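This report looks at a strand pair, a helix pair and the surroundings of a ligand. Keep the sequence and the structure in view while reading.

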Amino acid sequence: MSTAINLFSPIELGSNSLANRIIMAPMTRLRAMGGIPNSLMATYYAQRASAGLIITECTMVSPMSNGYMNCPGIYSPEQIEAWQMVTGAVHDAGGKIFLQLWHSGRISHPSLLGGKQPVAPSAIAPVGELHTPTGKVAMETPRALEKHEISEVVEQFRSGAKNAKAAGFDGIELHGAFGYLIDQFLQDGSNQRNDEYGGSIKNRAKFLMEVVEAVSSIWGADRVGIKLSPSNTFYGMVDSNPQATFSYVLEALNPVGLAYVHLMEPNEIDLKSRDVINPVTPLFRPLYQGTLISNGNYTYETANAALADGSADLISFGKLFLANPDLPSRFKLNTSLNEPDPETFYGGGKEGYTDYPFLEKVAS
Ligand SMILES: Cc1cc2nc3c(=O)[nH]c(=O)nc-3n(C[C@H](O)[C@H](O)[C@H](O)COP(=O)(O)O)c2cc1C
């Protein structure tokens, strides 16, 4: 008799063998002073090494990718060396770790970019405010990338992928979600170009596909994943037909043979802001023949149910992993969970970062 797949079933994720299907979702924590990872980050990630796979916080592929103060980067020798400390600590603790490669595009501000104007597919301002060195400010209208600059950005992703390899990661995830540059190209609310990178869905997906191709040339597609958020409304993201847009992307990715596609469900803000696709995973699952990670508000029970009914192959946990470094043990013992503290999500030191208690310490 076969037992149902559950969170503790091992899996081959592309060419990585994972001990379980409990994935740590990428989470920005803004503790990389000056864009350089540090030993506190190594401790934080190593504490969470019992995840089947850790996906790091989003990481800048170039200085122009900067959306937030103290986000890490992967474009300088110093950053590569500092990330080696993080990957070494995770590997020593028996874990696996992918780097999330990121360009923030229009989600930025001149004060984060050495005075330069943020870049985007089109000169359309995002909705919202941003923390900058001079306080909280409304985001400005970005400058539309010239066609020749688009290939330069693709090359920045390629060198980010190369640097991630030098830094000792097990693979990379492209941040194609949450209203950042790849997503800005994809959705027509932020892309009104009239060259081959705009207009039809195929054209809007061209940048994404070029970046996928570039980073796969370094890693092999079987060590590359991509995160997509078809129902995300953050920063004024909108598409006139998200079902058609994201269906196209999933079908276009089928022959590529990626390690995985990581799909994000809408959160409470998305559900309140307009009528979005909900749930996301079951709608798109039949279109994608490869491995699927589903994310968003999962609990132990709902995650196991999604694995058992085949709507996803793995589940990623954000806030629960942030607050529970030993989340897999806690799931296994079906025991209590630490509550995440939003006050310490972004920036600061070890408080709310490396001091969430482990189970043994709770019990003693
Ligand atoms: C503090 C915090 C930072 C986040 N930063 C990122 C990020 O850098 N990249 C990303 O793709 N998603 C990011 N997310 C979204 C999470 O990866 C995840 O999609 C979201 O938290 C929903 O999953 P959950 O309900 O299990 O927390 C972040 C979420 C949180 C709470």
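## A hairpin, a helix pair and a ligand shell

Thr132 stands opposite Gly135, a residue of β8. The model examined here is a predicted one. Strand β7 covers residues 129–132 and strand β8 covers residues 135–138; the two run antiparallel and are joined by 4 bridges. The link from β7 to β8 is a hairpin of 2 residues.

The next topic is a pair of helices. Helix α1 spans residues 39–47 and helix α2 spans residues 77–92. Their axes come within 8 Å of each other and cross at roughly 30°. Angles under 35 degrees count as roughly parallel, so α1 and α2 are roughly parallel to each other. The crossing of these two helices is right-handed.

Which residues of α1 and α2 meet? From α1 they are Ser39, Met41, Ala42, Tyr45 and Ala46, and from α2 they are Met85, Val86, Ala89 and Val90. By class, this contact has 8 nonpolar residues, 1 polar residue and no charged residues.

The last topic is the ligand. It is surrounded by 21 residues, and the closest are Ala25, Pro26, Thr28, Cys58 and Gly318. Two elements give two or more residues each to this shell: β4 (53–60) and α11 (319–323). The shell around the ligand contains 11 nonpolar, 7 polar and 3 charged residues.

| Contact of α1 with α2 | 8 residues | 1 residue | no residues |

Definitions and conventions:
Residues numbered from 1 in each chain as written. Predicted model: local features only at pLDDT ≥ 70, side-chain atom pairs only at ≥ 80, totals over all residues. Near = placed C-beta within 6 Å. Nonpolar A, V, L, I, M, F, W, Y, C, P; charged D, E, K, R; others polar. Pairing = 2+ DSSP bridges. Axes fitted to C-alpha atoms, helices over the stretch in contact; angles between N-to-C directions. Parallel < 35°, antiparallel > 145°, perpendicular 65-115°, else oblique. Left-handed = near helix turned anticlockwise from the far one by under 90°. Contact = placed C-beta atoms within 7 Å.
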